[in-house]
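Me: I would like to go through this structure with you step by step. Could you begin with the terms that are needed?

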2 protein chains.
Amino acid sequence: MNRPITFDIEKRGPGLARAGTITTPHGDIQTPAFIGVATKATLKGIVQDRFSDLGVQAIISNTYHLFLSPGEGVIEKAGGIHAFMNFDGPIMTDSGGFQVFSLGEGFGKKLSKLSSMPEVTPESSTQPVFYDEDLATSHGKLAVVDEDGVTFTSHIDGTLHRFTPERSIEIQHKIGADIIYAFDECTSPSAEYEYQREASGRTHAWARRSLLAHRQNIEMGNKQGLYGIVQGGRFADLRIESAKALAEMDFDGYGIGGSFSKNDLLGILDKVNAELPEEKPRHLLGIGEPEDLFIGVAAGADTFDCVTPTRNGRTGTLYTRNGKLNIRRAEFTDDFTPLDATCSCFVCKNYTRGYIHHLFRTGEMLGPILASAHNIYFLTHLIADIRTSLLEKRFESFRDEFLSQYL
Amino acid sequence: MNRPITFDIEKRGPGLARAGTITTPHGDIQTPAFIGVATKATLKGIVQDRFSDLGVQAIISNTYHLFLSPGEGVIEKAGGIHAFMNFDGPIMTDSGGFQVFSLGEGFGKKLSKLSSMPEVTPESSTQPVFYDEDLATSHGKLAVVDEDGVTFTSHIDGTLHRFTPERSIEIQHKIGADIIYAFDECTSPSAEYEYQREASGRTHAWARRSLLAHRQNIEMGNKQGLYGIVQGGRFADLRIESAKALAEMDFDGYGIGGSFSKNDLLGILDKVNAELPEEKPRHLLGIGEPEDLFIGVAAGADTFDCVTPTRNGRTGTLYTRNGKLNIRRAEFTDDFTPLDATCSCFVCKNYTRGYIHHLFRTGEMLGPILASAHNIYFLTHLIADIRTSLLEKRFESFRDEFLSQYL
């Protein structure tokens, strides 16, 4: 079969690091790459016609958020997410597992296994299930997991919904991203070993079901690639076991997920990636600070996403080669130098720290817009520089030089 | 003397209407024109590199706001407002009269004449005056007017400041816009005839002092043009008297201000403009809804400014040739047509009502950004079409055709 997603490795090393190209139905991604986070089909504050100039090759949206609003049916009717949001490049959708589990009000407290869960029939598993109001009320906002899937309340209006692997894949097919993700159970960072082991088992069963649901669609002409998600929480042996289990399934690539504590994960990422098929791309979900990119690349990750460039941008925290700065500080009032003198983004070429300080101080929208654009550019160009250093066999010296200035 | 601002009338009529070109040190303004409102040196939500595509020929900033933050000294140090905000086209600054009087908490209530005002010396009149705390406390937030100027509290932090005509001109010289305005007293819409008559007299005296202060600077090489501001509140005879008084002074152009109730003003605008020198440009301050533009142009106004395109944009109210629409309405959820099928702005060419509805519904910044851009384009292009209709002697038929669809 013609795979919708292919991966060519151009250069290997040092260690597990590699530079390559992921080919998707909507274009290529030169890796390592930073994928812009467009949770609700918008990279916050950035008009799509700037993506190219800002180095945004690809974006990742979220199944949970798009399911709640506008609904996958609306996006399908628009002609899929590329047409809906007017971006013709590669798009990923995360399966919604992380959000289903993390946005419930009682995450870590109210998340529970319900042994008395109503039986779910194959038909209902692909539709939102509305349980009786008593059950919803008695549990408040929560996510209730069972072997078949998870029942959860919307963080927007408290309505009750249900995701199963089949349902998540069905929604992602309608949304129409180039790369979609298997539905996974994302455990609380405080989950005990025994629970985590059990949850990993479910994630693997759900991965198989996601793959099966996806294959049926592929046979009908679908052109999306499916990534499995490695779980295992903060336990190295469970992570490695999870990678082994997923490696045996025929995914187009792999996500490494559930990273509530990136320090736990980054330390074992190389061991996880060593278990995954070398010829498949690996995406590190939700991690992407400058220092993390170097660790992740060295440990064999190919793509990254992280909300920090836009989230930091909205609060006035800006990346520079000399570390982060808070543009709200009074010292920038009459500083008429660029945010980062070494940066070539349109913000640094046209605006000063003093002007951006003024925008933040007076609460003007243009502040977050310019700051987010700069931060996105900073990360996409940092990883482009990392890619070049891999191709030119000088990754370690580039890393050491960058980090000595940045940290 | 070489005037910094010149005005060429290319076509006259019908009535007082005219199409022309204002030449400024930073380029021309084809009139009639809609001037973008950039109160705090930013056209809200719009990156400056889009101004040209959005038809923004010129912008108007505000002396009161820029004086409070970042301060005129910061802007001067940046090299003036053009360099500070990275816009090389024509910029106006309103004198701050309107804001000093309207942003005080007690507008219409606490505005008062204080007969016991401390005497102001020529030196202190060009500096903020900090009266003793008892006086400030006893009056709360207010603007206290005397013959020499006005003492007011900042709407940001309650600090006490003082503007005189000389001080306003000094601040505007440091900010460095191409067109600056005389300092005026802007009365409450509820002001009685007697108070308004008195206030108009003060505005005329302040106009003379503004002109004098400006001339001294002009002789020192300053390249800014100064507009006088016609006042008179809602009283036709005072408005006409004000126009006559200002017409006798040698301004580079005229603003018609204090329009709290645009219906009162628009009805007498032709009589006001008939008193003003024909060869000088006239700016209608703070008025610029589509229907107002036709009335204003017919009554002889050359330029307009108004916050509505961006303010409406931020709340999801969008201009179309068929009237305004509220993009938040549920009917737009799966409407995949452009905001306005006749519009050629980048928003209408690339995005659908359904997508913009989704952005507003989910509280995404991109919604206000795209909506503001469309609204700005709509108004600048409407007035460009009005200009063409004047040049082609078909203003009235264009007006009737537009309004029959719009209203």
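Reply: Copies are superposed by least squares on the C-alpha atoms of residues with pLDDT of at least 70 in both. This is a predicted model, in which local features need pLDDT of at least 70, side-chain atom pairs count only at pLDDT 80 or more, and totals for chains, interfaces and linings use all residues. Residues are numbered from 1 along each chain as its sequence is written, while chains are lettered from A and ligands numbered from 1 in the order in which they are written.

Me: Which residue of chain B comes closest to the rotation axis?
Reply: That residue is M365(B), whose C-alpha lies 4.3 Å from the axis.

Me: And what rotation superposes chain B on chain A?
Reply: A rotation of 180° does so, with 0.0 Å of shift along its axis and an RMSD of 0.0 Å. The two copies are thus related as by a two-fold rotation axis.

Me: How many residues of chain B are in contact with chain A?
Reply: On chain B, 32 residues are in contact with 32 residues of chain A; contact means that the C-beta atoms, placed from the backbone, lie within 7 Å. Among the elements that each supply at least two residues of this side of chain B are α13 (346-350) and α15 (366-391). The largest share, five residues, comes from α14(B). Helices here are DSSP runs of H or I with at least four residues, strands are runs of E with at least two, and both are numbered from the N terminus.

Me: Why do the copies meet through the same surface?
Reply: 100% of the interface residues of chain B are also interface residues in chain A, so the copies meet through the same surface.

Me: Changing topic: how many helices and strands are in chain A?
Reply: Chain A has 16 helices and 17 strands.

Me: At what angle do α6 and α7 of chain A pack?
Reply: Helix α6 (residues 165-175) and helix α7 (residues 193-219) of chain A pack at about 40°, with axes 8 Å apart. Axes are lines fitted to C-alpha atoms, for helices over the stretch in contact, and angles run from 0 to 180 degrees between N-to-C directions.

Me: Which residues make that contact?
Reply: Among them are I169(A) and H173(A) of α6(A), and W206(A) and A213(A) of α7(A).

Me: Lastly, what does A373(B) touch?
Reply: Not counting residues up to four places away in sequence, A373(B) touches I46(B), R50(B), L54(B), C345(B) and V347(B).

Definitions and conventions. Two residues are in contact if their C-beta atoms, placed from the backbone, lie within 7 Å.
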